[in-house]
Structures are given as structure tokens and as C-alpha cells.
Protein chains: 2
Amino acid sequence: MAVNLVIPQRNTIHAVPGVEIGITAAGIRKKDRPDLTVFKLTAGTTVAGVFTVNRFRAAPVIVCEEHLSGSTPIRALVINTGNANAGTAQEGLVRAKRMCSATAQALGLDERAVLPFSTGVILEPLPIDRIEAGIPKAVAGLGIDQWFEAAHSIMTTDTLPKIYSTQVQIQGKTVTITGISKGAGMIRPNMATMLGYLATDAAISQPLLQTMIREIADQSFNRITVDGDMSTNDSFIMMATGHSGLAIEKNTDAGYPELKTALTDAAKDLACKIVRDAEGATKFMTIAVQDASSRDEALKVAYSIAHSPLVKTAFFASDPNLGRILAAIGYAGINDLDVSKTRLWLGDVLVASAGGRDPDYREEDGQRVMRESEILVRVSLGRGKVSETVYTCDFSHEYVSINADYRS
Amino acid sequence: MAVNLVIPQRNTIHAVPGVEIGITAAGIRKKDRPDLTVFKLTAGTTVAGVFTVNRFRAAPVIVCEEHLSGSTPIRALVINTGNANAGTAQEGLVRAKRMCSATAQALGLDERAVLPFSTGVILEPLPIDRIEAGIPKAVAGLGIDQWFEAAHSIMTTDTLPKIYSTQVQIQGKTVTITGISKGAGMIRPNMATMLGYLATDAAISQPLLQTMIREIADQSFNRITVDGDMSTNDSFIMMATGHSGLAIEKNTDAGYPELKTALTDAAKDLACKIVRDAEGATKFMTIAVQDASSRDEALKVAYSIAHSPLVKTAFFASDPNLGRILAAIGYAGINDLDVSKTRLWLGDVLVASAGGRDPDYREEDGQRVMRESEILVRVSLGRGKVSETVYTCDFSHEYVSINADYRS
């Protein structure tokens with residue numbers, strides 16, 4: 001029951017020159033389901049990542065950070081589903097490194113050139129033997145045109161694959177941007193989402209890529225929430241192979257703004273696809289908070305609305321129960337909020353102003369907006385000029401069913 | 001489907017000398033349902049209150065604070081259900097004051113001697129004409145033995161009334177303590193709960209009562225959460241009539257510790273009854289966080305667990321999906337948390353230690369605890385000596401149903 005999630009046709013997905021992908025079914029949790037994915041990156045590719053700030057962060061996240069901060073250029077990624085390798089203490093780290101060693105061996109690389117990723121159940125030992133047995137098979141199948149299959153092979157409770165691909169002309173060069181993501185529950189990223197991988201064949205210098213990934217994450221994966229539960233494994237990776245001939249060194253270089261916009265659009269699309277496929281979602285909600293005095297307070301209000309179970313169940317019911325939204329604005333933590341300056345719109349309908357129901361508001365107008373599957377909730381705080389936008393979904397019976405059954 | 005909520009027999013409820021209660025069906029939202037309640041307090045009664053910190057706080061809350069801070073002693077309360085008089089701007093204040101005037105007129109008091117309370121739907125105009133017509137009828141029925149009926153007449157989505165009554169011997173005097181509360185959703189009080197009223201016939205000086213109510217709220221109504229949604233109308237009121245002959249002026253007086261303990265027990269019982277009757281609840285969970293370095297961090301971890309939809313749905317399913325609890329501890333916002341020092345128990349079963357699953361943990365032991373209807377989740381942070389406890393419930397299909405239907 002994903003909400004307006006568009007899956008592009010397989011033949012419209014552009015391979016990214018310099019990136020090869022291999023996939024196998026290693027039997028990690030279920031038999032005969034593709035669950036192990038290897039990315040091989042051409043020499044010279046720059047790679048940057050942002051990761052969960054959960055203190056119980058998973059072993060592969062710790063290893064990713066270690067390898068990204070080292071001096072060995074990253075040349076491969078290895079991703080398993082079915083097990084998160086989180087809450088697994090020291091032994092988890094040993095196994096995450098064994099994933100890297102096995103991949104390095106199969107590709108003729110140093111193990112520090114490999115980034116490992118795991119997603120699935122927390123607190124279970126990673127079945128490393130099956131992963132080690134699977135890696136050579138995944139590597140044997142490496143090819144440049146397997147993005148579509150990779151979008152499937154990284155799924156867990158996702159009902160649909162998430163993939164984005166485009167080509168843009170920048171400075172006379174054709175630049176390809178293709179990415180995939182996964183995630184449906186335990187989604188309230190802070191630095192990244194469950195898993196997101198975005199590749200381009202532009203060349204981007206390492207320091208610039210590091211800056212860009214944080215800025216792009218803050219407009220995409222760091223602006224979505226399903227249930228407010230921040231995962232232990234959130235990881236978002238950007239890769240720039242350089243094969244297109246476009247080379248960007250600094251943010252003042254010609255072509256930078258266009259490339260940044262194109263990459264941001266891609267990341268936003270992949271992030272919003274996670275919300276569209278959120279567990280049990282029937283509506284996609286954009287929460288835009290305007291006229292705040294700081295980014296922090298705009299986000300506080302946006303997340304307060306986006307996380308309220310009462311707001312989310314009212315949207316599920318298509319009930320314009322607007323008092324619940326006002327209550328969530330009120331408890332967002334802005335101690336000197338003057339409610340008489342706050343305004344609230346549902347879509348284009350002004351529903352509340354001056355601390356109460358707007359005199360011109362009619363229930364049937366609110367009802368009309370609430371029946372849509374894509375809803376804009378807009379709040380003006382009347383305190384300043386800062387805006388922030390967060391993307392979320394409603395809260396349905398299906399969410400409870402999925403999460404009461406997930407392990408069984 | 002309330003969880004082990006005990007309703008005392010009507011004939012075991014002790015009237016509080018000095019407190020009279022009158023009730024009527026004013027037709028505020030539904031016909032022929034008792035929905036308007038008046039408390040009349042004897043001269044000399046001290047009264048203190050704590051209220052929601054939601055910035056969209058309701059008109060009656062604003063009027064309560066104004067009247068409590070004035071010089072006129074409080075002599076009456078008037079409480080309606082069916083409409084919260086919240087998000088109603090200036091006109092809401094006018095109507096809250098009209099509730100006070102009508103009550104004052106019927107009882108021969110100054111309107112500043114009356115505290116008004118409203119609970120129900122937000123953002124709808126209060127039907128003040130029906131309330132004004134009902135007040136004389138409620139006053140006409142005043143009597144000392146209507147606590148049981150009052151516990152019913154303040155209900156909204158509550159399925160059961162919440163009432164507590166006891167008598168204790170202190171300094172040779174028989175002291176009566178009786179209270180009622182209401183609330184089932186939009187429960188994450190900060191200063192108080194939806195509505196709670198606790199009366200005693202001890203005499204307690206006004207400054208001491210003011211101090212005590214904050215301390216007692218912080219061990220009871222400020223430690224419960226159902227859905228993390230802080231209401232616009234939370235109010236908790238304590239009344240001390242003095243009729244028992246026990247008089248407490250300062251916290252060094254003889255009898256103070258016993259009275260404080262008895263009142264705290266009463267407030268905890270009334271607060272936990274709200275959780276037991278929470279919308280859709282099937283389990284009552286006590287979240288105890290120990291060995292924290294501050295109260296703030298203990299509460300952050302406790303609420304992070306108590307608010308996690310993934311944790312709450314796992315409890316609904318009786319599934320010991322402990323990774324979800326670890327994830328919630330990890331994202332609670334303690335940036336220097338050393339997960340290797342964190343331990344987690346379900347009931348008496350140690351499930352996680354040293355950053356991972358405890359070596360002696362067996363899934364069937366976790367499963368056994370999860371099947372209970374009362375579950376203790378205990379976390380040791382290994383950072384200091386502070387403990388805090390929060391009470392909450394699971395998250396079920398029924399919660400979604402109730403909140404998707406509430407207005408219809």
C-alpha cells in the first residue's frame with residue numbers, strides 16, 4: 001500500500017560508468033532470496049558517507065567510519081540484508097571486518113578499501129559463514145547494469161524497490177546520477193537513512209564530496225520520519241567516479257550548482273520513496289514550517305507534528321482533527337511561542353489563525369484536503385524567516401500489524 | 001480492555017469532609033450523559049494546581065492560573081467534558097470566565113474563587129449556554145458522597161472511572177484522602193495530567209501545598225505517557241480542607257512525612273490508572289532507568305523507550321524484540337553513552353549486557369516475561385546513582401481504531 005511510489009522502468013535506469021554491481025542469494029535469513037550485494041568502484045572514485053548517531057550503532061557503521069577516515073581509497077561496498085549486525089558487541093565488529101576481508105580478497109583489494117553494511121534484525125549474531133561463502137558468487141556476477149536488481153536485493157520490510165536515475169547536461173558533459181535506498185520502519189534518520197547509495201560519474205573532490213553529502217542529507221534523508229525510531233544502521237553513501245569528464249574541485253567551480261541541485265533532487269526522491277513505502281502508510285505528508293526564528297525551532301515543530309500518533313491516526317482517518325496539530329505545535333518546546341501569531345494551513349486552506357480556528361475556515365474545506373493521498377501541512381510561526389520541511393506518513397492499523405509480526 | 005484497573009466498591013469511597021460535589025447532564029456533546037461537575041469547598045480550604053506547559057494551553061487553564069495566583073481563596077471547581085475549550089482564542093477566555101461567574105452566582109461566591117476545567121474536543125467553540133443552564137442544576141444536587149459519580153462524569157474516551165480513596169492515622173487523627181482522574185489518550189503530561197483532583201481533610205498551609213503538589217506530580221502524573229502527545233488541558237489540583245484536625249504548616253512538622261507519602265501514593269495510583277485505561281492498552285509497562293548521572297538523562301532514556309512505536313507494538317505482540325529497546329536507548333540523546341556499560345532486564349531476566357545480548361539470555365525467558373500483562377523494563381546506564389521511573393502501555397490496533405474514529 002505504498003503511496004504514489006513510482007518505480008521507473010528497468011530500461012530507463014542509467015548505469016553509472018565506473019560502478020559495477022554483483023548480487024547473490026546467500027541464504028542469510030531466507031532461502032533463495034537475493035540478500036548480498038557487492039559494489040565495485042573504479043580506481044579514482046571519491047566516496048563519502050554519513051551515518052546514524054544512535055549510540056547503539058551497528059558494527060558495520062563503526063567499521064565504515066574507520067575505513068572512510070583512513071588513507072586507503074574506498075573501492076568496494078558489501079551489503080547484506082536479513083541481519084543488522086547491531087547490538088552484537090565485539091564479535092559484531094570481528095564479523096563486519098570479515099565481510100570486508102572476504103570482499104577484498106575476491107576483488108584483489110586491501111580490506112580497508114571496503115565498506116560493509118548490514119540491515120535486518122537487531123541483536124542476532126551475523127551468519128558470517130554464509131556471507132563469506134556468498135561474496136565470491138556476488139563478485140562473479142559483477143556488471144554495470146544491475147542497479148534495478150540491487151534496489152531489490154537491499155530490501156527488508158520494504159514492499160517496493162526505491163530507485164532513481166537521471167542524466168543531466170552540465171558544462172557540455174552528460175552526467176549520470178543513479179541511486180537506490182531502502183527502509184520502511186525504524187525511520188527517523190539523523191545523519192542518514194537506513195541505507196541509501198547515490199552514484200555519479202562526475203568527478204568530485206574528496207573534501208567537497210564530504211561537505212556536499214552533509215548538506216544534501218540535511219535536505220533529504222535527514223528530513224524524513226516514519227515512526228521517530230532512529231535506526232542503529234542508518235547509512236547514506238555518495239560515490240563519484242569521474243568517468244563523465246565533468247570534474248568539480250570546489251564549490252565555486254562552473255557546473256557545481258547544477259550538479260548539487262541534481263544530486264539533491266536524487267537524494268530527496270530516494271528519501272521520500274522510503275516514506276511512500278513506509279510500513280502501513282496510506283498518505284504522504286509534507287510538513288512545512290515557515291517564519292521560524294531558527295532552523296532548530298522550525299525542525300522541533302515539524303517533527304513534533306510528524307511524530308504525533310494522534311495527528312498520524314487522524315490523517316489515516318482523513319479526519320481534519322486540527323486541534324491535534326495545534327497541540328503538537330504547542331508542545332514542541334518553544335517556550336516563548338506566541339500562539340496568537342501562529343497560522344496553520346491544510347493544503348491551501350487556512351484553518352487556524354490568531355490562536356484559534358480561522359473565522360473563514362469551513363470543515364468541508366479541511367475534509368476535502370484530508371481525502372487526498374498527498375497532503376501539505378503548513379505552519380507559520382510568525383517569529384522570523386527560517387523555513388524547514390519534513391516528510392512523513394500516516395499511522396494505520398497496518399503499521400501495528402507489521403510491527404507486531406516482524407520477527408515471526 | 002483496561003489493564004488490571006481496580007475500581008473500588010462505591011461504599012469503600014470515603015467522603016472528604018469539607019468537599020461537596022454536584023453533577024448534572026448538561027447536554028454539552030451528548031444527551032443525557034453526566035458531563036458537568038461542580039466541587040464546593042469549605043471556607044479555609046487551601047488549593048494548589050499544576051498545569052500543562054503546552055503553549056496552546058486551553059482557556060480554562062489560563063483562567064485557573066490567574067485565579068490561583070490571585071488573593072481570593074478558591075472555593076469551587078467547575079468541570080465540563082465534551083469540549084476542551086482549547087484553540088478557541090479570546091472568545092474561549094470569555095467563555096471560561098462565564099463558567100466561573102455562573103458557578104459563583106449559584107454558590108454566592110466571587111467569580112475569582114472558582115477554577116474552571118474543560119476536557120474533550122479541541123478547536124470547537126464551548127457551548128456556554130448549555131453549561132450556564134446546567135450549573136444551577138449541578139449545584140442543586142451538591143452532596144458529600146458523590147466522588148464515585150464524579151469519577152464517571154469527568155470521563156471522555158476513558159472506558160473506566162479512576163478513583164482512589166483511603167484513610168490513614170497520622171498524629172492520632174484519622175485523615176481522609178480521596179481523588180479522581182481522567183484521561184486515556186493525548187497523555188504525556190508535563191506538570192500534570194489530563195485532569196486529576198485529590199482532596200484531603202488534613203490542613204496544609206498554602207506555601208507547603210504549592211511545594212508538595214510539584215513534588216507529588218513529579219512522582220505521579222509527570223511520569224506517565226501513553227502516546228507522547230501532551231494535552232492542552234492537563235490540570236492536577238490538590239485540596240486540603242482541614243476538617244480532620246491534622247494541621248501541617250511546614251515540611252518539618254510532625255506527621256508531614258506520613259501525609260506526603262499517603263498523598264503521593266494516591267496520586268501515583270490515579271496516574272497509573274490513566275495508563276491502565278489508555279486507549280487500546282493491553283499491557284502496563286514500568287520503565288525504570290537506574291545508575292544514570294542525572295535525572296534528565298534517566299528521563300530521556302525512559303521516555304525514549306516509552307514513546308517508541310516499535311517497542312510499544314512489540315509489547316502488544318508479546319515479542320521480546322529487544323533490539324528495538326536497545327535502539328531506543330541509543331537514540332535517547334546521551335551523546336557520550338558507553339553502551340558496553342549498559343544493561344537491560346525484562347522483569348528479572350538480564351537480556352543485554354556489554355553492548356550485546358547477554359551470554360546467559362535465553363529467548364524463552366524473555367518470552368515468558370513478555371506474556372505477562374504487567375511488565376518491568378529495567379535499564380542500568382552504569383554512569384551514576386540517579387534513578388527515574390516512567391509508566392506506559394503498549395500500542396495496539398485498538399489505539400489506531402479509537403483515534404481514527406474519535407470525532408465521528
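User: Where does helix α5 of chain B lie?
Analyst: This is a predicted model, and in it α5 of chain B, residues 206–217, lies across β3 and β10 of chain B. The helix runs at about 35 degrees to β3(B).

User: What's the strand order in that sheet?
Analyst: In chain B the order is β3-β10-β8-β7-β6, five strands making an open sheet with mixed pairing. The edges are taken by β3 (46–51) and β6 (162–170) of chain B; each has a single partner strand, so one side of each has no neighbour in the sheet. From one strand to the next, the twist averages 10 degrees.

User: And β8 with β10 in chain B, parallel or antiparallel?
Analyst: Parallel, over six bridges, with β8(B) covering residues 195–200. To pick out one pair, B:A199 has B:M239 in β10(B) as its bridge partner. Helix α1 of chain B, residues 59–68, also packs on the sheet and touches β3 and β10 of chain B. The direction of α1(B) makes about 140 degrees with that of β3(B).

User: OK, chain A. What order do the strands of its open sheet have?
Analyst: β3-β10-β8-β7-β6, five strands with mixed pairing. In chain A, β3 (46–51) and β6 (162–170) stand at the edges with a single partner strand each, so each has one side left without a neighbour in the sheet. Ignoring direction, neighbouring strands of this sheet are turned by 10 degrees against each other on average.

User: How many bridges between β8 and β10 of chain A?
Analyst: Six, in the parallel sense, between residues 195–200 of β8(A) and residues 235–240 of β10(A). A:T200, for example, stands opposite A:A240 in β10(A).

User: Which helices go with that sheet?
Analyst: Among them is α5 of chain A (206–217), lying across β3 and β10 of chain A at about 35 degrees to β3(A). Another is α6 of chain A (256–276), which packs on the sheet and touches β6, β7 (173–182) and β8 of chain A. The direction of α6(A) makes about 170 degrees with that of β6(A).

User: Zooming out, how many helices and strands in chain A?
Analyst: Eleven helices and 17 strands. The radius of gyration of chain A is 22 Å, close to the 22 Å that the globule rule gives for 408 residues, so chain A is as compact as a globular protein of that length. Its C-alpha trace spans about 70 × 55 × 40 Å along the principal axes.

User: What fraction of chain A is buried?
Analyst: 60% of the 408 residues count as buried. On the contact side, take pairs in chain A at least 6 apart in sequence: 81% of those contacts join residues at least 24 apart.

User: Switching to the dimer. How are the two chains related?
Analyst: A rotation of 180 degrees with 0.0 Å of shift along its axis superposes chain A on chain B, with an RMSD of 0.1 Å. That is the relation of a two-fold axis. The residue of chain A closest to the rotation axis is A:H397, with its C-alpha at 2.7 Å. The same surface serves both copies, since 100% of the contact residues of chain A recur in chain B.

User: How many residues are in contact across the two chains?
Analyst: 51 of chain A with 51 of chain B. On the chain A side, α2 (89–107), α8 (309–316), α9 (322–330), β15 (356–357) and α11 (397–405) each supply at least two residues. The largest share, seven residues, comes from α9(A).

User: And the makeup by class?
Analyst: The side of chain A that touches chain B has 27 nonpolar, 17 polar and seven charged residues.

User: I've got A:V339 selected. Where's that?
Analyst: A:V339 is in the loop between α9 and β13 (343–346) of chain A.

User: Buried or exposed?
Analyst: A:V339 is buried, with 20 other C-beta atoms within 10 Å.

User: What's A:V339 in contact with?
Analyst: Leaving aside neighbours within four places in sequence, A:V339 is in contact with A:G330 and A:G355, plus B:R55 and B:F56 of the other chain. A:L381 is 42 residues away from A:V339 in sequence and 8.0 Å away in space, C-alpha to C-alpha.

User: Last one, B:G245. Which loop is it in?
Analyst: The loop between β10 (235–240) and β11 (247–248) of chain B. B:G245 counts as partly exposed, with 13 C-beta neighbours inside 10 Å.

User: How far is B:G245 from B:R368?
Analyst: Their C-alpha atoms are separated by 50 Å, and the two residues are 123 apart along the chain.

Technical notes
Residues are numbered from 1 along each chain as its sequence is written. Chains are lettered from A and ligands numbered from 1 in the order in which they are written. This is a predicted model: local features need pLDDT of at least 70, side-chain atom pairs count only at pLDDT 80 or more; totals for chains, interfaces and linings use all residues. Two residues are in contact if their C-beta atoms, placed from the backbone, lie within 7 Å. Helices (H or I, at least four residues) and strands (E, at least two) are DSSP runs, numbered from the N terminus. Ala, Val, Leu, Ile, Met, Phe, Trp, Tyr, Cys and Pro count as nonpolar, Asp, Glu, Lys and Arg as charged, and the others, Gly among them, as polar. The radius of gyration is taken over C-alpha atoms; the globule rule is 2.2 Å times the number of residues to the power 0.38. A residue is buried if 20 or more other C-beta atoms lie within 10 Å of its own, exposed if 12 or fewer, and partly exposed in between; C-beta atoms are placed from the backbone. Copies are superposed by least squares on the C-alpha atoms of residues with pLDDT of at least 70 in both. Two strands pair if DSSP finds at least two bridges between them. Axes are lines fitted to C-alpha atoms, for helices over the stretch in contact, and angles run from 0 to 180 degrees between N-to-C directions.
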